[in-house]
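Biologist: Please take a close look at one part of this model, the interface between the two chains. Keep it brisk, and give the cut-offs as you go.

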2 protein chains.
Amino acid sequence: MVNYMECQDYGLTRNTERDNLNLNPLQRGGVLPIEARKALVEYSDGYSVCDYCAGRLDQIPNPSITGFLDDLAKFINVDHARTTHGARESKFAIMHALCNPGDTIIVDGNAHYTTHVAAERNKLEMIEVPNSGDSEYKITPEKYQQTLEDAIDKGIDVKLALLTHVDGNYGNLTDAKGIGKVAHKAGIPIILNCAYSMGRLPIDAKSLDMDFVVGSGHKSMAASGPIGVLGLKEEYADKVLELSKRHKVKELEMLGCTSRGAPIATLMASLPHVAERVKHWDEEVQKTRNFVSQMEEIEGITQVGIRPKEHDLTRFETPIFDEIAEKHPRRGFFLYEELKKRNIVGIKRGQTKWFKCSTYGFSQEQVNYIADSFKEIVEKYI
Amino acid sequence: MVNYMECQDYGLTRNTERDNLNLNPLQRGGVLPIEARKALVEYSDGYSVCDYCAGRLDQIPNPSITGFLDDLAKFINVDHARTTHGARESKFAIMHALCNPGDTIIVDGNAHYTTHVAAERNKLEMIEVPNSGDSEYKITPEKYQQTLEDAIDKGIDVKLALLTHVDGNYGNLTDAKGIGKVAHKAGIPIILNCAYSMGRLPIDAKSLDMDFVVGSGHKSMAASGPIGVLGLKEEYADKVLELSKRHKVKELEMLGCTSRGAPIATLMASLPHVAERVKHWDEEVQKTRNFVSQMEEIEGITQVGIRPKEHDLTRFETPIFDEIAEKHPRRGFFLYEELKKRNIVGIKRGQTKWFKCSTYGFSQEQVNYIADSFKEIVEKYI
């Protein structure tokens, strides 16, 4: 009988965030404020948000998911907002509703792997707009337009466009409005992937000329994962929010209902906090620029991607650490270990040539401590 | 500027479960044990389980998602186990991997709406095996076989079969082993939808002759929603767990990664608890049978579906309450209100002709109190 089993110890304690300054950009925007921690405890059980459901998650009055979705739609300026299980699930759903297997879409060359995987799962072909390739790795409207026009000239019917608002490699903020215009000039609907922007900086889908915006609750909206946002224009509601023929109130691309329990409760509780924090986005950008200038005081450390920074996700090339690693008895692990001693984590173990990091949400004092720690480590070995 | 917004009050307090006995079958199997509540708090932040990820969620060593998935696979006796966002997402993924738009599948007539919606989103045709239609609403291997053979005789190429292990309307436990054989005799792979069984009663996929089993963490495995289980035989791993051509470690149908954060942390923490509780399934069945016999002492209340009960989800026809409602000043709302006064909830407001309920997880004393309350309400008005 298989059920008389001994389970392993899964080690379900997480001290990483509690005891350290975590520089992993993935983690910075998903830390819950106190009001979300309370909601988490209230709505911990399985189908907790469904006590008053009359058949549709998005219309539940208590807790007011319906009121929340109205606010969310206003927050990002879209006609309809839904929650999904993540930005990737939002992208998959839009592609699935608008395209058929074999169709072609255009995406920027800095797109997240989940964009590729969502397209591949939908059996779509992808045309990619190359980035500038110099030390900025920039995606420009001009290049987007040129790539799109080249494809159209070749007779390719491009069904859908996607732009990564802020990419996960360089933290480059793209000219969404400019690229939105390019897509619409060619009559192509466009998705803005805001996984690294929605919840960190203000998003106004209509003024950015976007048909769809997708966001990530766990990445940038102070919510417990997994939860995503899907915002869209009325024009595409009949396709993306199409109802089941058999179960008349159920939205097909949502498989009826999406988020239940802790993720949606925390996203709801965090929205007022998030709506407030995006007002202070310029302070976060200033803090990042200050961090970059402190880091670049170290010879052998250079920020790559757009300069000056327009987002907290920052990529550094760090030949100096690679040089130290060559002679260090712990080789590439020394950097991780030296940082860990100083209660700084989030840079991958063994990585010394380059790394990505973020100081989003840290105080200026913490930022100074982090930059000083890097300086101290270099001085120790050089 | 849209972001200077006032959010509504979403009412994020849930007293329903805290202050009452909740008879909603949807809620009974998703209540977290204390160890899961602790894990919830530990892993509350966004991407909390991803601190030590090297590219694949299912291989994360700390917390040991990899160890957990091994245990989970043993628990349900499958070659591979994955977590998804819910049983519906598991069903969608299997159908998506194995079928093409326009293909036909066979499902039982008591299937959950999410089975229909998953098929419809995949643009599949469905053949349905009717239930017995008498007061038992039973799905039998004989009828399944006959319906399947009729379809094959008509030249229909049936690509996939699905059976609902325990349905959500009558709580009927089906003869999975018998129907598994029927499907395999015809050379058709079969999915067992265990949303109402996995985590409540022992599931052994191989001995039930099932290629796929899907489960629901929030419905029956004491986890915070949304999270599902997908278990499969080695034979189908190349299709259902197919890797991306571009991102070699990412599983396409999982869109790379699925559950992050609170849902998976709670499912992991609950597995030992769940593995223990399925051993006591016979006690739950006995408790349900006792509840039914107490309820049927009331004239005008009859349990429908298979008799005697083999699952906690129970449907009663209750003409007696309908009769009271006709004369009551509060009409159909009286039952809900009378129960609420006695701190019993989970029966839909306004419903008096029939209702579904479950006493899963309650003590015998609580069961007696619930049955006595129904008796008291009838006596008050008749």
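Modeller: Chain A has a mean pLDDT of 96, and 99% of its residues reach 70 or more. Here pLDDT is the predictor's confidence in each residue, from 0 to 100. For the complex, the predictor gives an ipTM of 0.97 and a pTM of 0.97. This is a predicted model: local features need pLDDT of at least 70, side-chain atom pairs count only at pLDDT 80 or more, and totals for chains, interfaces and linings use all residues. Residues are numbered from 1 along each chain as its sequence is written, chains are lettered from A and ligands numbered from 1 in the order in which they are written, and side-chain values use heavy atoms, with hydrogens and water left out.

Now the interface. In chain A, 99 residues are in contact with 99 residues of chain B; contact means heavy atoms within 4.5 Å. The area buried between the chains is about 8600 Å², and carbon and sulfur atoms give 54% of it. Buried area is the accessible area (1.4 Å probe) that two parts lose on being put together, summed over both. On the chain A side, A:Tyr47, A:Arg121 and A:Leu255 lose the most area to chain B, together 10% of what that side buries.

A salt bridge is a side-chain nitrogen of Lys or Arg within 4 Å of a carboxyl oxygen of Asp or Glu. B:Arg260 forms one with A:Glu89, and their closest N and O atoms are 4.0 Å apart.

Which element supplies the largest share of the chain A side? Helix 11 (residues 262–277) of chain A does, with eight residues touching chain B. Helices (H or I, at least four residues) and strands (E, at least two) are DSSP runs, numbered from the N terminus. By residue class, the chain A side divides into 45 nonpolar, 28 polar and 26 charged. Ala, Val, Leu, Ile, Met, Phe, Trp, Tyr, Cys and Pro count as nonpolar, Asp, Glu, Lys and Arg as charged, and the others, Gly among them, as polar.
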